[in-house]
Amino acid sequence: METVFISKLKPFLDAVAGQMELYVPKKAGEHYVYSRYDPSAETPVEFNNIRTCMPIKEFLFPLRELAAIFPEAAEPEEVEPFAVFGLKDCDLRSIEILDKVFADEEFRDPFYVARRENMFIISSDCSEPGESCFCNLFDGRPFARNGFDLNVSKVKDGFIIEPGSQKGKAFIEKHAGLFAEAGETLLAERDENRAGTQNQLEQNNAELRFDAPIKEIVENNQDSDVFDVEAQNCVECQACTRVCPTCHCFYLYDTRQKDYFAKMKMWDSCMRVGYAAVAGGANPYKILGDRIRHRLLHKFVYFLERYGINMCVGCGRCIDGCAGEGDIRTILRKLSEEPKGKGRKKAKIAK
């Protein structure tokens with residue numbers, strides 16, 4: 001039994017929760033957040049029509065964690081298997097990006113790898129992309145194509161569940177009594193729903209048609225005044241990097257406990273004024289516009305050159321979270337319209 005059908009979510013989620021800790025989307029105002037699944041709860045779990053506002057990196061790359069201790073070595077704590085339901089295609093692609101950083105052969109973060117290996121991924125189709133969603137600019141889709149253990153698609157009379165890994169297939173086989181086969185009619189309905197959502201996504205971003213690759217647009221216009229103009233509305237809240245599922249900058253700091261020294265790892269942000277400050281007071285990104293430029297260069301140029309993949313998945317979380325109502329799409333559009341050769345001279349580093 002490959003792709004299967006189930007009429008209600010609860011029996012499926014109960015089966016997952018019976019094997020491991022499970023996190024599910026929960027409506028909080030206009031957005032979705034993740035909460036631990038409680039099989040005894042009377043309120044049914046909602047099928048989130050859009051990605052949560054919480055980035056998936058919170059499960060794999062915590063805001064703050066112990067990285068090392070002295071004089072004894074710090075070993076990763078044993079991570080129990082856990083599952084996350086309701087991840088979208090943009091979330092899965094963000095995990096792929098984080099894997100490049102933390103699970104690459106050249107550098108493997110044992111804390112990240114331990115969580116990654118024990119994570120059971122249950123993705124689901126998008127049905128109502130938000131105004132901020134622009135994943136189609138980066139080959140994104142409103143449905144997952146790979147990177148999941150199980151994917152759930154909502155249809156009129158229930159849900160289609162598709163395995164994407166051996167772990168996913170094993171789960172379906174173990175709980176075969178819960179499912180029925182998904183016939184061609186159901187699969188055709190799913191595909192029609194997906195095509196409709198994809199069309200809506202394309203229409204929402206119809207004006208974002210560029211004559212050149214985004215990498216060239218950003219790289220060739222890095223001396224543009226656009227960055228300084230956009231900086232006028234930025235309040236430096238750093239929300240864009242906090243809710244971004246692929247931003248991964250962190251800093252290390254030491255603390256002294258009673259009988260040992262601890263080195264802590266904590267999220268950092270390139271939008272923070274002291275992000276690039278060095279000993280002696282020099283700061284190449286003291287000017288806010290320069291920090292915005294660096295953020296876009298990292299996402300669309302530097303990361304692509306190193307790993308062959310854009311560091312932006314077009315999820316739109318940075319747009320929703322910006323207190324200054326900034327929009328990364330606006331910056332890209334303005335840069336694409338910038339006359340060649342126009343732009344300010346690079347600012348000198350303040351001494």
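Start with the open sheet: eight strands, ordered β3-β2-β5-β6-β7-β8-β1-β9, with mixed pairing. Strands here are DSSP runs of E, at least two residues, and helices are runs of H or I, at least four residues, numbered from the N terminus. Two strands pair if DSSP finds at least two bridges between them.

This is a predicted model: local features need pLDDT of at least 70, side-chain atom pairs count only at pLDDT 80 or more, and totals for chains, interfaces and linings use all residues. Residues are numbered from 1 along each chain as its sequence is written, and side-chain values use heavy atoms, without hydrogens and water.

Select β5, residues 82–87. On one pairing, β2 (21–28) runs parallel to β5 over three bridges. Tyr23 stands opposite Val84 there. On another, β6 (119–124) is parallel to β5 over five bridges. Leu87 has Ser123 as its bridge partner in β6.

Now pick β1 (4–6). Three bridges join β1 to β8 (158–163), antiparallel. Phe5 faces Ile160 in β8.

Last stop: Asn205, in the loop between α6 (184–204) and α7 (214–220). Is Asn205 buried or exposed? Asn205 is buried, at 1% relative accessible area.

Terms used: Buried means under 20% relative accessible area, exposed over 50%, partly exposed in between (1.4 Å probe, protein chains only).
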